[in-house]
Amino acid sequence: MDAFPTATLRSMKRSSDIGRTGTLAVTGGTPLRGRVRVGGSKNAALPMLAAALLTDGPTTLRRVPDLTDTGLMLELLRGLGASVEDDRGTVRIDAAHVRPGDRPFEPSPGRVAAMRGAVCLLGPLLARCAMSGGGSVRLATVGGCDLGPRPIDRHLAAFEALGATVARDHGGVTVSVDRLRGAEIYLSAPPAPGLPPAPTVTGTANALCAAAIADGVSVLHGAAREPEVVAVGELLNAAGARIEGLGTDVLTVTGVRRLRGVSGRCPAAVVPGDRIEAATWMIAAAATGGRIVVDGVEPSEVAAVAAALRASGARVSICGSAGHRSIRVDSCGRPTAFEVRSAAFPGLPTDVLPQLAALAAVADGTSLLTDDVFPDRNAHLSRLPRFHASVERAGATAVITGGDLHGGEVHAPDLRAAAALLIAALAAEGSSRIGRASVLLRGYERPAEKLRALGATLGAPNWRVGKRPAARPGRGGWRPAGPRRILGRTRPVSPETSACSALA
Ligand code: EPU
C-alpha cells in the first residue's frame with residue numbers, strides 16, 4: 001500500500017511509538033545486543049477477533065497486540081454492532097447485538113480497503129447469518145500490502161460449497177446464505193502457473209468459522225497448517241466447536257448449532273507470540289553482527305527461519321525451560337551467502353523473505369531468495385539499492401550480491417518491506433531516513449522502543465512515547481546492552497554460552 005488511508009491513520013491512536021508522519025531516522029552500524037520480547041501475533045489476532053463474532057456470550061481475548069491492524073479490526077467490530085472493550089491487550093467482545101437485518105452486514109468499506117485482514121470477517125458474519133435463519137454479507141474489495149495478486153476465490157468457493165451464493169461486482173462481493181451445510185472443501189490453489197498449490201491461511205480460518213456451525217460434517221482439504229490457523233481453531237473448539245486435525249492439511253469439522261463465549265482465563269483465548277516479529281528481530285541481529293535473545297514465541301514456529309540464519313553462518317539455539325523457551329541468535333561475524341525458498345508452514349514464511357533480502361545484502365557472496373507464495377512480492381527489492389545493495393530479479397527469485405551498505409533515504413511501501421529497509425538501515429554505515437515508517441505499526445508493537453533497547457540508534461522528531469507502559473528491564477522485557485561498532489565486518493566468534501542470561 002502506498003498511501004496511508006485516512007481510516008488507518010485514525011485507528012493509529014491505538015498504536016504507539018511512531019508519530020503520524022512516521023519518518024524514521026536511523027544511524028546504522030551498531031550490532032543489536034540484548035533481549036527482546038515479541039507481542040501477540042497480528043495474523044492470529046485478526047481472525048481470532050473476527051471469530052469472537054460467532055459466540056453467543058462475550059469472548060475475552062488476551063495478548064491482543066497494539067497494532068494499526070488490530071485497531072482497525074476493533075473499529076470494524078464496533079461498526080457491526082459489537083460491544084468492544086480494550087484494556088491494554090485484553091479485549092472483550094460481546095456480539096449479542098450483531099444480527100442480520102433487511103440489509104446485508106457491511107463492514108466499513110473505508111476500513112476494509114485499508115487492511116487485508118478484514119477478509120477474516122466474511123466467515124464469522126456468514127455463520128452469524130446462518131445462525132439467525134439467513135442473511136447476507138457485503139465486503140468491499142480488501143486492501144493491505146501490495147504483494148501481487150491476492151485473490152479470494154478459495155474463500156468464496158468454500159462458502160459456495162457450504163451452500164452460500166456469491167455475487168461479485170467491481171466494488172467487492174456479496175455472499176448470501178439461508179443455512180450452511182457440511183461439505184468437502186478444497187482450500188489450495190497454485191499462486192501462479194507452474195507453482196505448487198499453496199493453502200490459503202485466511203481462507204482456512206474463514207472456512208473453519210463457517211463450517212463450525214454448518215449442519216453436518218465438513219472436510220477441509222489442502223488446509224493451511226500455519227500456527228495462526230491452529231490458534232483460531234483452538235479458540236473455536238474452546239467455544240464448543242468440533243474441529244479435528246488442527247495443524248494438518250485435512251481438517252474435519254462437525255457442525256454445532258451454537259458457540260458459547262470464551263473466558264479470558266482459557267488458554268485458547270491467549271493470542272500466540274508473533275513468529276514473524278520474532279523472525280524480524282532474529283534477522284536484524286544477524287545482519288548487524290549482533291547477539292540477541294528473543295522471548296515470547298514458540299521456537300518451533302521459527303525453525304525454518306533459524307535454518308536460514310544458520311545457512312548464513314549465524315548460530316541459533318534454544319534456551320530456557322519448557323513453557324519459557326527463548327531463542328538465542330549469535331551472528332558469528334559477517335554472514336555468508338545463502339539460498340532460500342518460501343513455502344507454506346512449516347516452510348519458510350513469505351513474510352520473512354524481505355528481511356532475509358536485507359541480510360543477503362550484507363552477506364559475503366551472492367544469495368538466491370525465491371518467493372513461491374507471493375512470486376510478485378518485490379517492493380523491497382526495488383528499494384534496497386538505495387542502501388547501495390546489489391539486487392537483480394529472475395522471475396520469483398531475487399539475486400542479491402552482498403557488500404557494505406551505506407545510509408540512504410527511502411519510503412517504506414508496505415509492512416514487511418519496511419522491516420527489510422529498517423534492517424538494511426541498521427546494518428548500513430551512516431545515517432538513513434525511512435519515510436512512511438509508520439506502516440511498521442501495522443505489524444510491530446512498539447518497534448522503536450524495542451530496537452532502542454537492543455542498542456539501535458533511532459531518532460525522529462515526530463516519535464512519541466506509547467500509551468502502554470514500557471516493559472521494565474529485567475522483568476520479562478528487554479535488557480539493554482552497550483553498543484559495539486561493527487569494525488572490519490569480520491569479528492572473532494565468541495564462545496557460545498549455555499545460558500541466555502549471559503547475554504545481558
Ligand atoms: N490464494 C489464491 N486464492 C485464494 C487465496 C489465496 O490463489 O482465494 C493464493 C495467494 O495468491 C497466495 C497464496 O494463495 O499465493 C497464499 O495466500 P493466503 O491466502 O494464504 O494469504 P492471506 O491469507 O491473504 C496471510 C497473511 C499474510 C501472509 C500470507 C501467507 C493475514 C492477515 N495475512 O495472508 O501476512 O503473507 O497469509 O502466509 O493473515 C503480513 O503479515 O505481512 C502478511 C502479508
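The lining of the largest pocket in this predicted model comprises, by class, 23 nonpolar, nine polar and 15 charged residues. Residues of both domain 1 (24–39 + 273–502) and domain 2 (42–269) contribute to that lining, so the pocket lies between the two domains. A second topic is helix α5 (residues 122–131), which is largely enclosed by the rest of the structure, because ten of its ten residues are buried.

**Largest pocket**

- The volume of the largest pocket is about 1,000 Å³, and of the 47 residues that line the pocket, those closest to its centre are Arg 150, Val 201, Thr 350, Val 373 and Phe 374.
- Two or more lining residues are given by each of the elements α2, α6, β11 (198–199), α7, α9 (275–287) and α13 (415–427).
- Among the contributing elements, α2 provides the largest share of the lining, with four residues.

- The buried residues of α5 run through Leu 122, Gly 123, Pro 124, Leu 125, Leu 126, Ala 127, Arg 128, Cys 129, Ala 130 and Met 131, where buried means under 20% relative accessible area.
- The cover over these buried residues includes the helices α2 (42–51), α6 (153–161) and α7 (201–212), together with the strands β6 (135–140) and β8 (172–177).
- After α5 comes Gly 133, which has a positive phi, near 90°.

Technical notes: Residues are numbered from 1 along each chain as its sequence is written. This is a predicted model: local features need pLDDT of at least 70, side-chain atom pairs count only at pLDDT 80 or more; totals for chains, interfaces and linings use all residues. Side-chain values use heavy atoms; hydrogens and water are left out. Buried means under 20% relative accessible area, exposed over 50%, partly exposed in between (1.4 Å probe, protein chains only). Contact means heavy atoms within 4.5 Å. On a 1 Å grid over the protein atoms alone, a cavity is a set of points where a 1.4 Å probe fits but cannot get out, and a pocket is an open set with protein on both sides within 12 Å along at least five of seven lines; lining residues have an atom within 4 Å of a point. Grid points are joined across faces, edges and corners, and a volume is the space filled by probe spheres set on the points. Ala, Val, Leu, Ile, Met, Phe, Trp, Tyr, Cys and Pro count as nonpolar, Asp, Glu, Lys and Arg as charged, and the others, Gly among them, as polar. Domain bounds come from an automatic or database domain assignment.
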